[in-house]
Amino acid sequence: MSVTQQYLLDTHRARQHGEPGPPAPGRNDWRVARELRDHRRFRAVVAGRLARGRTREALGRWLRGRPRAGG
């Protein structure tokens, strides 16, 4: 069953029971992604790590540790 079919089925069931329908698929994707990012930053701060720039810093450490080509 596709996401659209499930959405239509849930909407139909909600109408039969007089309940509000579910949100459309993909409607809150950005909000969920933002909340996930904020939660990861929070967990990093609680663990005593940097909340921002960790990927760039790790990539910089990895690149500095590699020997240069032709040098």
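Glu-35 and Arg-31 both lie in helix H2, 4 residues apart, or about one turn of the helix. Helices here are DSSP runs of H or I with at least four residues, numbered from the N terminus. The model is predicted, so local features need pLDDT of at least 70 and side-chain atom pairs count only at pLDDT 80 or more, while totals for chains, interfaces and linings use all residues. Residues are numbered from 1 along each chain as its sequence is written, and side-chain values use heavy atoms, with hydrogens and water left out.

Start with that pair. The side chains of Glu-35 and Arg-31 meet in a salt bridge, at 3.7 Å from N to O. The term covers a side-chain nitrogen of Lys or Arg within 4 Å of a carboxyl oxygen of Asp or Glu. Side chains of opposite charge can pair when their charged atoms come close. Glu-35 has a relative accessibility of 48% and counts as partly exposed. That class lies between buried (under 20% relative accessible area) and exposed (over 50%), with a 1.4 Å probe and protein chains only.

A search of the whole structure finds 2 salt bridges. In one of them, the side chains of Arg-37 and Asp-38 meet at 3.3 Å, N to O. Arg-37 is partly exposed at 40%. Asp-38 is partly exposed too, at 39%.

Now take helix H2 as a whole. It has 18 residues, which should span 26 Å at 1.5 Å a residue; its end C-alpha atoms are 26 Å apart, so the two agree. The expected span is 1.5 Å times one less than the number of residues. Gly-48 follows H2, and its phi is positive, near 85°. Ala-33 also has its place in H2. Its relative accessible area is 39%, so Ala-33 is partly exposed. From Ala-33 to Gln-5 is 28 residues in sequence and 24 Å in space, C-alpha to C-alpha.

Step back to helix H1, residues 3-16. Its 14 residues reach 20 Å from first C-alpha to last, close to the 20 Å expected. Gly-18 follows H1, with a positive phi near 70°.

Next comes the surface. Which residues form a positive patch? Arg-40, Arg-43, Arg-49 and Arg-54 do. Patches are made of residues with over 30% relative accessible area and no salt bridge; like charges are joined within 9 Å, and nonpolar side chains (Val, Leu, Ile, Met, Phe, Trp, Tyr) within 5 Å. Arg-43 lies in H2, residues 29-46. With a relative accessible area of 54%, Arg-43 is exposed.

Arg-52 sits in the loop between H2 and H3. Arg-52 is exposed, at 62% relative accessibility. The C-alpha atoms of Arg-52 and Arg-40 are separated by 9.9 Å, and the two residues are 12 apart along the chain.

The surface also has a nonpolar patch. Leu-59, Trp-62 and Leu-63 form it, with about 330 Å² of accessible area together. Such areas come from the Shrake-Rupley method with a 1.4 Å probe. Leu-63 is found in helix H3, residues 54-64. At 47%, Leu-63 is partly exposed.

Finish after H3. Arg-66 lies in the segment that follows this helix. Arg-66 is partly exposed, with a relative accessible area of 46%. Arg-66 and Ser-2 are 64 residues apart in sequence and 46 Å apart in space, C-alpha to C-alpha.

Key. Helix = DSSP H or I, 4+ residues; strand = E, 2+ residues; numbered from the N terminus. Lys, Arg positive; Asp, Glu negative; His and termini not counted. Charge placed at Lys NZ, Arg CZ, Asp CG, Glu CD.
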